[in-house]
Amino acid sequence: MKPRTPTLIIGGLLLAIFLFLLFAFQVRTTEVAVVTTFGSISGAPKTEPGLYLRLPYPIQNVYKFDRRLQNFERKYEQTLTRDKKSPILSVFVGWRIADADLFLKRFSGDILRAEASLESVVRNIQNSVIGRHDFSELIAPDPSQVKFEQIEKEMKDAMAVTALKEYGIAIEIVGIKQLGLPESQTAKVFERMKAERERLSKKFIAEGTAEAMRIRSEAELQRDTTLAEARRKALVLRGEAEAKATEFYKVLNQDESLARFLISLNSLEASLKDRSTLILDEKTAPLNLLRGDAAATPAGSTNPGR
Amino acid sequence: MERHSLKTGTINWIALLGLAIGLEVVSKMADSATAELGAAFTLVGLVTALVGWFQMRLEASEETERLEMEELARSRSKAALFDSTADEAFPARKSRMLFEKWFVPGLTFVLFLMQAGGVAYFFRDLKAKMSTSSAPSTLAMAMFAGLSLVAFLLGKYACRLAQLEGVRLLRPGGSALMLGSLLAFLATASEALQWFGFPGYDLQIAWVLTGLLAVVAVETLLALVFEAYRPRVQGKEVRLIYESRLVGLLGQPTGLFATAAQALDYQFGFRVSESWFYRFLEEKFTRFVLIWIGILAASDCVVFIDAGEQGLRERFGRPVGGVLNPGIAFKFPRPIDRIYRHPVSEVQGFNVGFVPDEKLEGQRTVLWTRAHYKEEFNLLVASREQNVATNATEGEQIVPVNLLTVSIPVQYLIRDLRAWAYQHGEPRLLLERLANREVVRYMASVDIETIMSDGRQQAARDLRSTIQAAADKAGLGAEIIYVGLQDIHPPIGTKELKVAEAYEKVIGAEQEKEARILEADAYALETVPTAKAAAEKTLNDSRSVSKQKVAEASGRATQFASQLQAFRTAPGVFTARNHLETFARASAGSRKIVILPTNTQDVLLFNLEDKIRQDLLDVTIEPVKKDEPKK
């Protein structure tokens, strides 16, 4: 039976694809490829993007890795500073494959395995570098005291040597992503912050009370001073008035007995102004009239003027 | 020959059982979703093969029974006993009929449930597997290939036998084996593709197979429904409703048209397969497939880059040309050319310091004392006050920090697509981590009071520039367009230690302080003018008294001068008159007791106590003046 043209075309296409997959491979601009022949690495890693020829599996095998900057983050881990403070840190690392051959040998091209190995290096170096610094070099009110960059650089330098030599990995970025305190210390900080705020609250209230008291006392002082001054002036005025009045009263000296008589009359009138009880006998003028003493003279014994 | 068919049927279901177990075990070993789907299809096929095998046994018993009855009928003259065609005379036939009437539809329904359950299970399972990837395994590849080969040989034999001897009950098992072989081959192919550097096809194939399982489930259900309505033709062979046409078709692709024709003929009751259209399709099918492949390849040559996107073209992995802007772009089909699209003009963002919660988004009031995000991280901030305290008590183990809850949304655009896509494996994640780092660094030396109040805007500006600098240093090719300090406040604290509440109390205390001062101010404002007024009054009173005194003295002096003149004129009369007038006037309101003693020996007693309540008789009623108007 003669095969038909469409069938031949489909067959040819499938064969071409199959052969392409068997004898060629592509390397993207983001990749690096390592070719092994019967298990041993042959030639330099292919870092230039393009199409490359190969012998089919199992003669040759092609391992392709992403050569872009990868990044991973360490666990949020408690550590100890030189001054025995114990913050929690998480560090992230930016890395890329620098030596693809070594990377293949060490991890069989498995990025997850590479990161797992890198993690133990990062952990060790993170703890040792932090242990050489005081807590105040991580957190301080004075920016010049904080040595974030220096700490990160120390970590990066220490990691870079091991990672490149042992794993074929170049460390390009190391950064502290998170910085915190363990729960027990967080509670203490909360407690302190609360106490600090309460202190501030009380301070504000006390300041308010003191200021209010000052204002009140000042007002009272001003009031008392004003009133005292007013009283002083009043007394002066009254004294002056007394003096002036005395000037007028000099005329009374012309007949002192009359003056006394008149003053006594005024006093009598003033004394009896309120409700009072008088017990009088018949000798008191004008009650002496009750005895029928019609001839009583003004110069009698009851005459107060005499 | 029947015994031979039965034997083949037995081999079929045993082979299917082995294939299902084999695929399942190796799929777990290689984490192959395709093989897992293959195991599921094979399991369904195993059930149909078992039913077919059982039905085959029933038919064989019926045939034996029929032959025995014919033999008995020939050997006995009196066949009255066997004239009857009652069912009790043919128990095997009755069993077979009952099986076909009740058991087969019931089992078909169970089959449908199995298929539907499988679809639901794989839908969830594959969704969960979307983010994972597995390494290719050569051992698994070899095992899949071996299983495929064995299943193919057994299935081909069973199908051929079913076709040659007309044993239709061997067909379901044979088709299931052929399909199992195909699926094992697909599992091999997906592993091989992964090996050749094309990962992800395993999941794609698995998704297609899940869809296929869903179609088979629908087919099973439709077969059940149509069975109830199909025209019954006397003597016509009844179709096996649990046998999937689709499975048969996939197992033996060459029989596509035969299966289609068979299905159409069976359903409509006339020979559709003899029509010109059907024959045309059968002849030109290969060309249709070729055209279809051509259309697929042509569609792969055109890429539409949406507004807000840019594209990067690669030929055999090498970047070609510049950045592709929105519009239509042409390329060679894969694997020659590829175009990668990225949303460059679209604002992208992430959050620092919090994880948003859709449930809490609807809150209309945002308070420090209530959580407004799913998760809020406390950032360490240096404490100036604590620093002073630490110096005072040196050596004490106090952590000199405050904690601050900060919510910072960061928005960015991709400015340099090549740097973004070609220099970094996970650029977004790196940018997020760099931004976190910058925020932590900034907070490490910031003053908590300043950043929470007037330093907020400056902090946002500083953070934006430091994050931008970090992104530039890392060569990310991103532009930070916005950094917002939308929330920055003390942490809520715990149930026992409510920190945010304590901060609110400080604000309350400040208000109270102001209130107290204002109250004192009000007191002062009231007291001082009042005192001034009182002083003025005192002075005025004194002035008044002084003037009165002087005036009175002046008047008295003048009066005295006149009185003196009168006195000198008539001294006795003057004094008496004045005395008596004054006495009368002064004592007018006094109670008077006049004693006129006749006997001086008497002792008079007077009660001069004031009465608390006056008697009516004690009240002096003033006489009404004549000129006074009456009230």
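Analyst: Helix α3(A) passes α4(A) in a right-handed crossing, meaning that the near helix is turned clockwise from the far one by less than a right angle. Helices here are DSSP runs of H or I with at least four residues, strands are runs of E with at least two, and both are numbered from the N terminus. This is a predicted model, in which local features need pLDDT of at least 70 and side-chain atom pairs count only at pLDDT 80 or more, whereas totals for chains, interfaces and linings use all residues. Residues are numbered from 1 along each chain as its sequence is written, and chains are lettered from A and ligands numbered from 1 in the order in which they are written.

The two helices span residues 111-130 and 148-167 of chain A, and they pack at an angle of about 145° with their axes 9 Å apart. Axes are lines fitted to C-alpha atoms, for helices over the stretch in contact, and angles between N-to-C directions run from 0 to 180 degrees. On the α3(A) side the contact is made by A:Ala114, A:Ser117, A:Leu118, A:Val121, A:Val122, A:Ile125, A:Gln126 and A:Val129. α4(A) contributes A:Ile151, A:Glu154, A:Met155, A:Ala158, A:Met159, A:Thr162, A:Ala163 and A:Tyr167. Contact means that C-beta atoms, placed from the backbone, lie within 7 Å. The contact residues of this pair divide into twelve nonpolar, three polar and one charged (nonpolar: Ala, Val, Leu, Ile, Met, Phe, Trp, Tyr, Cys and Pro; charged: Asp, Glu, Lys and Arg; polar: the others, Gly among them).

Another helix of chain A, α2 (residues 100-107), lies across β2, β3 and β5 of chain A and runs at about 65° to β2(A). These strands form an open sheet in the order β3-β2-β5, with antiparallel pairing; two strands pair if DSSP finds at least two bridges between them. β3 and β5 of chain A stand at the edges with a single partner strand each, so one side of each has no neighbour in the sheet. β2(A), residues 31-37, is mostly covered, with five of its seven residues buried (20 or more other C-beta atoms within 10 Å of the residue's own; exposed is 12 or fewer, partly exposed in between, with C-beta atoms placed from the backbone).

Seven bridges join β2(A) to β5(A), residues 60-66, and A:Gln60 is the bridge partner of A:Thr37. Two bridges link β2(A) with β3(A), residues 40-41, where A:Ile41 is the bridge partner of A:Thr36. The hairpin of β2(A) and β3(A) has two residues between the strands, and A:Phe38 takes a positive phi near 50° there.

Beyond these elements, chain A meets chain B: 114 residues of chain A are in contact with 107 residues of chain B. On the chain A side, helix α5 (residues 183-249) supplies the largest share, 43 residues. That side divides into 58 nonpolar, 23 polar and 33 charged residues. The chains also pair through strands, as β10 (residues 277-281) of chain A and β13 (residues 591-595) of chain B run parallel and are joined by five bridges. In this pair A:Leu280 stands opposite B:Val594.

Chain B has an open sheet of three strands too, in the order β3-β2-β5 with antiparallel pairing. Its β3 (318-324) and β5 (337-342) stand at the edges, and each has a single partner strand, so one side of each lacks a neighbour in the sheet. Neighbouring strands of this sheet are turned by 20° against each other on average, direction ignored. Six bridges join β2(B), residues 310-315, to β5(B), with B:Arg315 opposite B:Asp337.

The largest nonpolar core has 94 residues, of which A:Val93, B:Leu380, B:Val439 and B:Met443 touch the most other members. Such a core is a set of buried Ala, Val, Leu, Ile, Met, Phe, Trp, Tyr and Cys residues joined through C-beta atoms within 7 Å. Leaving aside neighbours within four places in sequence, B:Met443 is in contact with B:Leu379, B:Leu380, B:Val381 and B:Leu404. A second, separate core of 56 residues includes B:Val44, B:Leu161, B:Leu177 and B:Ala206.

B:Phe122 lies in helix α4 (residues 91-129) of chain B and is buried, with 22 other C-beta atoms within 10 Å. Not counting residues up to four places away in sequence, B:Phe122 touches B:Leu37 and B:Thr210.

Definitions and conventions: Contact = placed C-beta atoms within 7 Å.
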